[in-house]
Each structure stands twice: as structure tokens, then as C-alpha cells.
4 protein chains.
Amino acid sequence: MPHTLTNDSYGKWDVRLTKVTRLPDRHELKELSVNVLLRGEFADTYRTGDNSKIIATDSMKNTVYVLAKKHPIASIESFAAALAEHFVTKYPQVEAAQIVVWEKAWSRFSRDDRPHPHAFVAGSAERRRCMITNIKGQVGYMAGTDDLLVLKTTDSAFAGFVRDEFTTLADTDDRIFATSVRALWDYGYPSGDEDWNAHYAAARQALLDTFAGHMSLSVQQTLYAMGEAVLARCPLVQSVEITMPNQHRIPFNFAPFGLTNDNDIFVPIDEPCGMIRGTIKRE
Amino acid sequence: MPHTLTNDSYGKWDVRLTKVTRLPDRHELKELSVNVLLRGEFADTYRTGDNSKIIATDSMKNTVYVLAKKHPIASIESFAAALAEHFVTKYPQVEAAQIVVWEKAWSRFSRDDRPHPHAFVAGSAERRRCMITNIKGQVGYMAGTDDLLVLKTTDSAFAGFVRDEFTTLADTDDRIFATSVRALWDYGYPSGDEDWNAHYAAARQALLDTFAGHMSLSVQQTLYAMGEAVLARCPLVQSVEITMPNQHRIPFNFAPFGLTNDNDIFVPIDEPCGMIRGTIKRE
Amino acid sequence: MPHTLTNDSYGKWDVRLTKVTRLPDRHELKELSVNVLLRGEFADTYRTGDNSKIIATDSMKNTVYVLAKKHPIASIESFAAALAEHFVTKYPQVEAAQIVVWEKAWSRFSRDDRPHPHAFVAGSAERRRCMITNIKGQVGYMAGTDDLLVLKTTDSAFAGFVRDEFTTLADTDDRIFATSVRALWDYGYPSGDEDWNAHYAAARQALLDTFAGHMSLSVQQTLYAMGEAVLARCPLVQSVEITMPNQHRIPFNFAPFGLTNDNDIFVPIDEPCGMIRGTIKRE
Amino acid sequence: MPHTLTNDSYGKWDVRLTKVTRLPDRHELKELSVNVLLRGEFADTYRTGDNSKIIATDSMKNTVYVLAKKHPIASIESFAAALAEHFVTKYPQVEAAQIVVWEKAWSRFSRDDRPHPHAFVAGSAERRRCMITNIKGQVGYMAGTDDLLVLKTTDSAFAGFVRDEFTTLADTDDRIFATSVRALWDYGYPSGDEDWNAHYAAARQALLDTFAGHMSLSVQQTLYAMGEAVLARCPLVQSVEITMPNQHRIPFNFAPFGLTNDNDIFVPIDEPCGMIRGTIKRE
């Protein structure tokens, strides 16, 4: 009884590395986590255990470190593209390589506005991410941010929604809006060199500016506005996929204590959360 | 500049509930976590903030609790199907509802082989899961298990893989094989009543039996064999998607201490891990 | 300006190891996590950076693996005692060594009541723990359990507490009682050989039996009864320290939906939680 | 068989709150997590289930919110002191109240150096913490920081340690030094009003400046220097307890690949970690 095998891909997850570049006046620090995923002629190992075409995931790990040494890693996109190209070029059995890289946020320590040459303080949980897919030499670039946690204390309403026997939430014209933005935007298949750091910074700034400045009638509306802003400011971006959980701050019920809630005291809860998503594409 | 909006879906994530059914001789306990995701005519709230077709995620949460009270929850599949049907039937603007339910593993406390009527001890991290998708009344059933952590101390080899300048891993004919199985199988669109608990138990047992009994030449091969076993034993299953991280146990290097590693002492590491996946479908 | 230095101790945290013992008919599996903490004549490295008396924490890690190979690890207590003795005996500058070992719960896979010779399934989050302290050859033994998650659906009341302007909780004669027991009991300084596995099993069983069987008027009362039971059943135990968070299951408020809560549907919440603790000592 | 009961304390853990203060030109945001622990005449509930002196932990939770509304929360220390005083003053059966408050790091969003009036971006994992203990009106103040993650790429050596048959680590005069500082300093029992925010900022800055500027011969030495700096700069601080895990960055072994590690590429590992601690007290 032969069965069909699909999605037969494998790789190495969470290869972590620290790279220090020792410049004359300062050190540069990068901390990355890398996922490697390969697709290709691997069905034999699934069906018979014939590993002759299998690149061991341990070798993938070694490859990440060796290429990290040789590559300047000016951006995670350029490094990921080099990794993807390596696997597709070197191994004929590899049809596609997908590389995801996350960069940990470190800030240079500074004192009295003087940046320190070699001391760093960890930044927030936000992680810059890229996903590069090389399919037989055609290279797609995607980038984004994970866990960008933002909150605004006003300019957020939610009213006029369906009201029926399951509804207890009151309309509100002023609530806290807190979310952890996860965004992934698609640069398509750019042919030339690109300043990936500049593209990333522009898209991220578009997300932040819009979140902060938008008069929100729903999380959905703000999400869409954030996506539009990315497209408006970043000509290379073809589409952007955004996920924004609504991380609720519930007004504490002061009625039993003879007090009113003046939109001042809230209970932050982790779960349940609203989960809002959408993809905004250029026409 | 109008943009295209896709994937405009939203819902409530991680609605947690405990249901106690008080039978004459014993209590039954269910602890679930429920995700609700709706797709439909929601573009207006994204584009203009018009919420008139929006079911508040808070109302979805209420709905989960109200239906949990009314429904016997004999299986998570039947409960999830009821939830999905509710949303598709009640709200014309909802085109599709996807409900995911996870069930926490609780074991009835027993003493001297006598089961206790109302005390329970938490089981492992493994969580039974189902995903029910109702698209305008057509109901697809999927089920699976997350975080089923298993380990075998022998009957696992890995040899004959590509050996080049990036390879340092030695061939081995006997290694520890530890993984956290994540499997999701597809029952298609069954029309009649099904014993979901029996189907689940059979598929899970097929995974476990095969993992334990297989002479593994690669993680990939064992994964494929596990998938085949599910298809062989569960006629209703159309396909099964399995993800198995290779959670390495590295032999400790005793050479500096004048000792040998006799396949007895290992260092378990969380990352990096090999990541192996595949989908096995009935022809 | 000389300052006083106290608590100048250091060590290695979370040394993880897997030990496989290959018996003729079956394999035995132990997975441990070990903390080593040393106290002694280490002030110089703190004050001047003179490391001449410092045992590198990397060497502690090596020591754990070397001793794990040589020691049968019949119990985590015996292994931890051997580790503690090693550090105190070998290094004159070490005045005290404290070793904590956690054991991961693995269950042998079984099928049709036949135990499998070498396949295992992960147990619950509960971890057996011991803490052995060797102070210049005097050896104190403590043992316990972490994260033993239990729940009972009845036989738990909470009433008659202080009622004032800050009180909104109603008296109840029937609530869910869920907690994650953390217990550490003290065997004192036993001189002879002990069956640590039997002592552990007896104390753990006393905790479970009492939790399940106790008619609870408060978490505090059940905690005390559990401690008393350990002392009653385990003559070697001198005292037991127990911490039990009250992991609330809140009855869902069905009033807005024209339904009643019949003690059947609850919302489990992680936080906030009541935190109850106490130490029960033999007179 | 009467047993001795000690450590019979209880409370509410992880009461989370958000406070928004709406000033004319901007909003202020505080997000706190509060632990309440009470000690007093509570033995009856442990021994007999008599709850007549028990303040329900649910009422403690209510109290935190009510006092958060009334209190300006200029500092977490002042708010925690008010909470502690409340419990000790209001309830004669309470002999001591210990309040721990953590503050989540939020940064005001700013654009082109203009701070936004009501949008915030999450800061790092670092959490300011205080612990206030009120024993029958005598109030002890402690404060500190948790999870302050810092890294320096040079000015860290480790050499001259014990070298024996368990040692494989080489001496190094240049390594990465990464740690997550946990510090708790003791202000004693100050009688007057204090600027807690200024004290906190000074102590934290002393920790950071010393970490960055110290030529480290061991983690221990840097820890001690950091403690000395806190005492030197903060006259109110009587002692400071510091815990610093050595979060290793292991040089990747390039030898199999014909390359050298030039102190440029490292493998960050979470565990095992060295664990270094000490308390530095004013004479």
C-alpha cells in the first residue's frame, strides 16, 4: 500500500550564534538564531532509511557557524541569503532552502551620551526577523518583526459591534490598546543589492508611527492602517502580513467598593486574547 | 491607492474552561483551551472601522462558556463542531469558523487500584488537540496530539549521510532517539456520527507503538512509519502531518578524563534541534 | 573602605545529564538536572581577582559527568551525597557543598501490560528533588517534590473568613481545589544507609492521599494535614515545608445569559493566585 | 501528637495592575505586579480550619486595586509601604506584612525627539523591584532589579584557577562576559521621606557603570566591585545582595574546518551556567 509523501522537508532549528566584530574604536555585536529548512530529493530516507542524499542537520549547524565567520553579516537578510544560496548551490539534491534568522535586540551601553566601545544592555523582547527562500536560484526576501509590544492609553474605541444574547461587552469610546505586533512583509524577488537595514527601519517605523498616531475604531482598522503605511513608505514591499493579539486591560470593577473606575485602574490579562490578522497587498 | 486585503480573519485565542460533570459515583473533569477564528464579511471594520458586522471576541468567549454548559463534551471534536456550527449558522456574515480545542491531560487519582471519585493528578505536557473547520456547513475534522514526548535508548541509527568538509558527526548504529511528537491527522468530511475518542486513541496508539517498535535508520524513516501506521489502523484518516524535532542527547566526551563513553552518559540539549517533518497521505 | 563580604558562594546551575543503564532484559533511564554550590575560602577572588583557590564551574560540570558515570545513581540522594562529599573531601578550601538534583519523570512505555525494554514516555511536570548539604563532612539530607499538580472537584470549602469593606468573595461549601504542591522534607543527618527511594515514595504518597481524602476547610488546613501525614508515615522525616498556590477555578458568571452556574463550568486562571505555606515539625 | 507549625504565612501572588494617570499634556503609565504576604495569628486555620482571623487572598487582591486607585504611586516603594501599613494597621491579627512589587519597563514612544503623549513601547525584560516589610509598624525598605541583562565583549579574563584532573577549561585573558544581574539592596529602616526613584536610579547606574568599566579577572571580582560601587554612591544603602549567572558564550571550535576562532564567533548557551553570588555590606 504505497502512500503519498508530501512536505518532506527537514532542517536545523534554533542555531544560536554570537558574532563580535572588533573595530579599532568599538566592537560590534550580533546575536542571531537561525533556522535552516531544506526541501529536495529526500523521499528515500523517509521510505527506506537510505541517507545517501541527506545532509545531516549537525552539518547544517556547522555550516551556519562557518559562514557566519566568513560573512560580514551587515544585515540578517544578506547573511540568510548567503546561507540559502550555499545549500542550493552546493547540493544538487536540494531544491529549495528556507532560512529564517532572528536578531536579538542589544543596545550599546552609553553614559552621558558617550557610547561605550564594548558594553551592551539587552533591549526588549522584540526580535527582527527575516525569511529568505531560495528555490533553484530564485531568491525571495521577507522580513519582519516579532513581539513588538506597544500600548496606547487612549485614541482607541470599540463600539457598534453586534449586540445579541451573547454580548456583555459595553461600547467604549476610550480604552487601552495593547498588542504585540507580529509583522512579516514581502519584498518579492529583488534583483539588485538592497539596503536591508534601511528597508527594515522604514517598515518598522511605519508600524510604530501608525499605531501611535491612529485614532482606532477597532484593532482591525489600526492593523489595516499599519499595513497601508508600510506599503506607502516602503516601495519595495509587495505585501505585509500582520497579526495583533488584543492584550486586554480590563477596567477593575470598583462598584463594590463605592468607587468609580475613571479609566485609571486596569487588570492586564494574558489570556484569553482577541486575535486579529490580515494581509495588505499592493494592487 | 486602494490595497487588497486578504486573510482578514479574527477571533479569540486561549479561552480556558473547566467542566465538572457530577455523576452519582464519580466526577468527570475536562480542562480545555479553545481558539475561535472567524472568516467572513469583515473587510469594513479593517477599512473604515465600521463594526456593524463584527462579533466581539468577548462575545465569542461568552459563547464558548454558554455552549460548554449545554454540551456534554463527550469529545473535544464534538464540542468544537458544535461551536463552529453555532457561529456559521447564527451569523450570516460568517463564512467559515475554525475551532481549535486542546485538552489538558488529567489522570484520575487511584490508590490500591481503586479510582478516586473526585481527585485528579496532572498528566504529562501532551495535549490532545482537534481542529474543526466549518465552511458554510461543510465540516472538516482534524485531530492530533501536541508535545507527546517520547524517548528510546536504542534501536536508532544514523549513518551513510553526506560526508563533506562541513561534516563532523560520526556515523552511529546506536543512539538515543528523543522527540516531542506533534501530529495532526485529517478525517476529511465524515457525514455520520463518529466515536472521536476511539479514533483518537487508535491513532495515538499507532504513533506510540511504531515509535517504540521501529528499528530507526533516520528520524525521517520513523516519522514515515508512524504516519503509515496511523493510516493502516485508522480507516477514517485521510492523511497525517507529523513534526518531530530531534531532541539530541549528545554523548559526553570522556576522553580528557581517561574514560570511555560506553553509550551511557549523555548531555540533553534543547537547542539546536533537528526538525523533521512530513505528511503521509492515503493514495 | 573595606566592606564585609557574606554569602560568597558560587557554583554551576542546571547541569543536565542522561544516564542509560543497559541491563540484560531492559534499559534503565535517568534524566537529571544538577546544581552545585560551594562555600569556602573564596573571598580573594571577590576582592582581588586571585583565582588560585577557585574551582572553575566548568570543572564542576565535568565532575558531575565523571561521577555520574562511576556512580550507580540508585537514588538521586545517594548520587548527590557522593557529589557533595567529593567537593568537600578533595578541596580543602571548600567548607560546604550543597547539591540539588531534580529528576525528570519518565514512564516506561507499556503495551497490553507488557513493559517495553527501552522505550519511554514523558511523565508529568512533577520533578523529584533532593538537596544534600555537606558541611565539613556532616551530611544533611532533604528531599521533596516540585510541581506536583493536583485537583479535586469537591470536599473543599472556604467560609467564615474576615468580611469587611474589601471582601467580595462569598462563603462557599463546595469549590474546586487545584494546586501545585511544592514540598521539601528534612531527614536530618542520618548516619546509616537508607532506602531513599522508599522514603521518597512514602512521603509523596502521604501528600497525595491526604490531599485526595481531606475534607478541606481551607488550603491552610489541608496543607497542615498533608504535613502531618508525612511526619506520621515517615519516621525519618524531621520536618516538612510545603508551599501550595491556590490555582483558582472561578465559576463563570452565567447570570447575563439567563443560566445558573451549577458548580459545573469554571474559568481556570494562572494569576493572581493565593499562596499558602507552612512548615510542620516533629515536636 | 501535636506538631510545631512555623512559617505559617500566606498571601496573594502576582496581582497585576495598570495605572494610567491622565495629565493635561501627557499620560503616565505604570504596570505593576504585586505580591502580598502576611504573617500573624493564623495557626487556627492550619490546625482546625477556623478561618475567623483569615483575610481572604481575594480580599488582598481587592485591596491592592483600591489602594492603587487612591495612591499616586510616585514610586513602587511608596506604594508598597502604603500597602504594608494598611494590612498591619487594619488587622490586629497581622504581625507582619511583606509586599513585593515589580514594575514592568515601558518606554514612552518618541519620534524625532518629540515624546508621544500616550503611546508606549515595551522595554527590556529588566524589572525594577522593591520589597517592603512592615513588622508591627517598623518598616524595612529593600529595592533592586531583576533580569538586567548585560554583555561586554572584552575586558574580562579568567585564569589561574585550580587545574587538576577535572579541568578542561583553558586560561583566557579575553572572553565575553554576559550575565543577567539580579540585585537587591537594603535601605534599612529610614525614618523620613526619601526620593526612592533617585535612590533606585543611582544604585542601578552604579551597577551598570561598574559592569561596563571593570577590568574583570573573575565574575566574582566584578560582582564585588559592583556591590562596592552601590555602597559608595548610595549612602542610604546598607548592603547589597547580587546574583550573577555566567551566561556562557562558548567559542565555536573551527579546527575541523581549517579555520581559527579569532574570538569572533561564539555559541550562546542557556545552561548550564555558572552561578555567582555575594552580599556586600557596609562595615
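How many residues does the contact take from chain D and from chain C? The contact takes 64 residues from each of these two chains. The legends below describe views of a predicted model.

**View 1. The contact between chain D and chain C.**
On the side of chain D that touches chain C, at least two residues each come from β1 (4-22), α1 (43-48), α2 (57-70), α5, β9 (239-246) and β12 (273-281). Strand β1(D) gives the most to this side, with 13 residues. Sorted by class, the side of chain D that touches chain C holds 26 nonpolar, 24 polar and 14 charged residues.

**View 2. The relation between chain D and chain C.**
The same surface serves both copies, since 100% of the contact residues of chain D recur in chain C.

**View 3. Chain D and chain B.**
Chain D can also be laid on chain B, with an RMSD of 0.0 Å, by a turn of 180 degrees and a shift of 0.0 Å along the axis. Of the interface residues of chain D, 100% are also interface residues in chain B, so the copies meet through the same surface. This contact takes 4 residues from chain D and 4 residues from chain B. On the side of chain D that touches chain B, 2 residues are nonpolar, 1 is polar and 1 is charged.

Chain A contains 5 helices and 12 strands. Its C-alpha trace spans about 75 × 65 × 40 Å along the principal axes. Chain A has 283 residues, of which 49% count as buried. Among the contacts in chain A between residues at least 6 apart in sequence, 64% join residues at least 24 apart.

**View 4. P245(C) and its surroundings.**
P245(C) lies in strand β9 (residues 239-246) of chain C. Is P245(C) buried or exposed? P245(C) counts as buried because it has 22 C-beta neighbours inside 10 Å, and a residue is buried if 20 or more other C-beta atoms lie within that distance. Along the chain, P245(C) and G274(C) are 29 residues apart, yet 5.4 Å separates their C-alpha atoms. With neighbours within four places in sequence left aside, P245(C) is in contact with T179(C), S180(C), C273(C), G274(C) and M275(C), and also with W13(D).

**View 5. V230 in the largest nonpolar core.**
The largest nonpolar core has 338 residues. Which residues touch the most other members of this core? They are V230(A), V230(B), V230(C) and V230(D). In chain B, V230(B) touches W185(B), A203(B), A206(B), L207(B), V237(B) and V240(B), when residues up to four places away in sequence are not counted.

**View 6. Helices α4 and α5 of chain A.**
Helix α4 (residues 196-213) and helix α5 (residues 219-233) of chain A cross at roughly 145 degrees, and their axes come within 8 Å. The crossing of α4(A) past α5(A) is right-handed. From α4(A), the residues A202(A), A203(A), A206(A), L207(A), D209(A), T210(A) and F211(A) meet T222(A), A225(A), M226(A), A229(A), V230(A) and R233(A) in α5(A). The residues of this contact comprise 9 nonpolar, 2 polar and 2 charged.

**View 7. Helices α4 and α5 of chain C.**
In chain C, the axes of α4 (residues 196-213) and α5 (residues 219-233) come within 8 Å, with a crossing at roughly 145 degrees. α4(C) passes α5(C) in a right-handed crossing. Residues of α4(C) in the contact include A203(C), A206(C) and L207(C), and those of α5(C) include A229(C) and V230(C). By class, the contact of α4(C) with α5(C) has 9 nonpolar, 2 polar and 2 charged residues.

**View 8. Helices α4 and α5 of chain D.**
The axes of helix α4 (residues 196-213) and helix α5 (residues 219-233) of chain D are 8 Å apart, and the helices pack at an angle of about 145 degrees. Helix α4(D) passes α5(D) in a right-handed crossing. Among the residues that make the contact are D209(D), T210(D) and F211(D) of α4(D), together with T222(D), M226(D) and R233(D) of α5(D). The contact of α4(D) with α5(D) divides into 9 nonpolar, 2 polar and 2 charged residues.

Technical notes. Residues are numbered from 1 along each chain as its sequence is written. Chains are lettered from A and ligands numbered from 1 in the order in which they are written. This is a predicted model: local features need pLDDT of at least 70, side-chain atom pairs count only at pLDDT 80 or more; totals for chains, interfaces and linings use all residues. Two residues are in contact if their C-beta atoms, placed from the backbone, lie within 7 Å. Ala, Val, Leu, Ile, Met, Phe, Trp, Tyr, Cys and Pro count as nonpolar, Asp, Glu, Lys and Arg as charged, and the others, Gly among them, as polar. Helices (H or I, at least four residues) and strands (E, at least two) are DSSP runs, numbered from the N terminus. A residue is buried if 20 or more other C-beta atoms lie within 10 Å of its own, exposed if 12 or fewer, and partly exposed in between; C-beta atoms are placed from the backbone. A nonpolar core is a set of buried Ala, Val, Leu, Ile, Met, Phe, Trp, Tyr and Cys residues joined through C-beta atoms within 7 Å. Axes are lines fitted to C-alpha atoms, for helices over the stretch in contact, and angles run from 0 to 180 degrees between N-to-C directions. A crossing is left-handed if the near helix is turned anticlockwise from the far one by less than a right angle, and right-handed if clockwise. Copies are superposed by least squares on the C-alpha atoms of residues with pLDDT of at least 70 in both.
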